[in-house]
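Let's take a friendly walk through a protein chain, from its overall layout to a few residues. Keep the picture at hand while you read.

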Amino acid sequence: MADHSEQACRRVDVSITRVFELFGKRWTGPIVSVLLQQPVHFADLRRAIPGISERMLSDRLSELGTAGLVVREVDEGPPLRVSYRLTQAGAAMEPALKELGSWAEKHLKDGDGGC
């Protein structure tokens, strides 16, 4: 018989809860997806994700940085340019994100988020 106690549920959900606290936020997945390809300057990253505001992009990048998944690098220039790249931990998300993408192609109806 399965243990459905509150303690068992918390124990089982801790890792998944932590993942979705970060990746469940709008824009986080697309940002990481773009950064999986290569380091990207802020302006190019914003252009790669239609609909995201500068403020939201900055906030999500800060959260990803705090989580240890993204590094901010400043090129003093001129002109001064800021780029972002995934850390080793961030890049390690690639297999999981590819698997989620494959699952979505098979099981989720097409939306109008395509190019």
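A contact here means heavy atoms within 4.5 Å. With that in mind, look at Leu 61: leaving aside neighbours within four places in sequence, Leu 61 is in contact with Ile 31, Leu 35, Phe 42, Leu 45, Val 70 and Tyr 84.

Before going further, a word on how to read this model. The model is predicted, so local features need pLDDT of at least 70 and side-chain atom pairs count only at pLDDT 80 or more, while totals for chains, interfaces and linings use all residues. Residues are numbered from 1 along each chain as its sequence is written, and side-chain values use heavy atoms, with hydrogens and water left out.

**The overall layout**

The protein chain has six helices and three strands. Helices (H or I, at least four residues) and strands (E, at least two) are DSSP runs, numbered from the N terminus. Starting at that end, the elements follow the order α-α-β-α-α-β-β-α-α. Of the contacts between residues at least 6 apart in sequence, 45% join residues at least 24 apart.

**The sheet**

Strands of a sheet pair through backbone hydrogen bonds, either parallel or antiparallel. In this model, three strands make an open sheet in the order β1-β3-β2, with antiparallel pairing. The edge strands, each pairing on one side only, are β1 (40-41) and β2 (70-75). Two strands count as paired if DSSP finds at least two bridges between them; β2 and β3 (residues 81-86) pair over six bridges. In this pairing, Asp 75 stands opposite Arg 81 in β3.

**The core**

Which residues have the most contacts inside the largest nonpolar core? They are Ile 31, Leu 35, Leu 45 and Leu 61, in a core of 21 residues. Such a core is a set of buried Ala, Val, Leu, Ile, Met, Phe, Trp, Tyr and Cys residues joined through side-chain atoms within 4.5 Å. At least two residues of this core come from each of α1 (6-23), α2, α3 (42-48), α4 (54-66) and β3. Helix α2 gives the most, with four residues.

In soluble globular proteins, nonpolar side chains tend to be buried together. Buried means under 20% relative accessible area, exposed means over 50%, and partly exposed lies in between (1.4 Å probe, protein chains only). Buried residues make up 23% of the 115 residues in the protein chain.

| Residue | Relative accessible area |
|---|---|
| Tyr 84 | 9% |
| Leu 69 | 10% |
| Trp 27 | 14% |

Rings of Phe, Tyr and Trp (its six-membered ring) pair if their centres lie within 6.5 Å; planes under 30 degrees apart count as stacked, over 60 as edge-to-face and the rest as tilted. By this rule there is one aromatic pair. The ring centres of Phe 42 and Tyr 84 are 6.3 Å apart and their planes are at 55 degrees, so this pair is tilted. The pair links distant parts of the chain, with Phe 42 in helix α3 and Tyr 84 in strand β3, 42 residues apart.

Leu 69 lies in the loop between α4 and β2. From C-alpha to C-alpha, Leu 69 and Ala 89 are 5.6 Å apart in space, although 20 residues apart in sequence.

Trp 27 is found in the loop between α1 and α2. Although Trp 27 is not a glycine, its phi is positive, at about 85 degrees.
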